[in-house]
Amino acid sequence: MVADVVVLSKDRPDLFAACLAGVEAQGVDVHGILVDNGTDGTTAQLARDAGWTVLDYGRNTGFSEGNNLAFGHTRTGRVLLLNNDAVLHPGAIYALLGHDEGIVGTLITGSAGLVAHAGGLLWNGIPKHQGRHTHPEEWACHACDWVTFAAVMIRRDVIDDIGPMDEGYWYSFEDVDYCLTAAKAGHSIAVCADARVTHDEGQTRDNSLDGPNRDRFYTRWPRAARHLVG
């Protein structure tokens, strides 16, 4: 096995089916883990039929806790976190495995083909996406301050070094927080422009707690701009 693939899913078996097909089309041997956050049963059965490990805690664990729980079931040195509504393009996992950085993000495009995320920067301490509405061909692999965890590969030794994600967040800012924590500990963050993913945002969550999450982020990182790459 070359990597673990962790997907959190709540309902929407149609989205997970497309996500699963994207993983299977990679042509690599992975250990799949589905964290079942309260589905109708169809999604979990799709995962089991594909040979994935299914973790069901009888509730919506949230993004941070769900992934933290999955970390305890991983088997390899690389962990790919993937949203259930994200679809890997061919060769994405191979491209990610070619990087040595501690956390490697992907080039995220919407269904229209334009970039939604090409890595993130902190502008005066404010997390900002790079590349929105540009063309994928305009981007090359590069270092950055943070990456979205809609599709990201994390080395297992980074997880062992800095520990779990902060479970005080609920479906936003977890990824920025974790990247800054990793960078502060000396681990590098990058985007692999050759690893592309189609992901239309907002299909599986609402933004009702973005305000409290933002407040938590700035409480934890009051001078976030000091942690910029380079």
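Me: How many aromatic pairs does the count come to?
Reply: This is a predicted model, in which local features need pLDDT of at least 70 and side-chain atom pairs count only at pLDDT 80 or more, while totals for chains, interfaces and linings use all residues. Residues are numbered from 1 along each chain as its sequence is written, and side-chain values use heavy atoms, with hydrogens and water left out. Rings of Phe, Tyr and Trp (its six-membered ring) pair if their centres lie within 6.5 Å; planes under 30 degrees apart are stacked, over 60 edge-to-face, and the rest tilted. By this rule, the number of aromatic pairs is five.

Me: What is the angle between the planes of F173 and F217?
Reply: A pair of aromatic rings is described by the distance of the centres and the angle of the planes. For F173 and F217 the centres are 5.5 Å apart, and the pair is tilted, with an angle between the planes of 40°.

Me: How many residues apart are F173 and F217?
Reply: F173 lies in the loop between helix 5 (156-162) and helix 6 (174-184), whereas F217 belongs to helix 7 (residues 210-220). Helices here are DSSP runs of H or I with at least four residues, strands are runs of E with at least two, and both are numbered from the N terminus. The pair thus links distant parts of the chain, and the separation is 44 residues.

Me: Is F217 buried or exposed?
Reply: Buried means under 20% relative accessible area, exposed over 50%, and partly exposed in between (1.4 Å probe, protein chains only). The relative accessible area of F217 is 0%, so F217 is buried.

Me: Why is the pair of F217 and Y218 edge-to-face?
Reply: The ring centres of F217 and Y218 are 5.0 Å apart. Y218 itself is partly exposed, at a relative accessible area of 29%. The pair is edge-to-face because the planes stand at 80°.

Me: Which residues of helix 1 are buried, and on which side do they lie?
Reply: The buried residues of helix 1 are L15, F16, C19, L20, G22 and V23. They cover an arc of only 155° around the axis, taken from the directions from the helix axis to the C-beta atoms. This arc therefore puts them on the same side of helix 1.

Me: Which residues does H31 touch?
Reply: H31 lies in strand 2 and is buried, with a relative accessible area of 3%. Contact means heavy atoms within 4.5 Å. Not counting residues up to four places away in sequence, H31 touches M1, A3, D4, V5, T53, H73 and R75.
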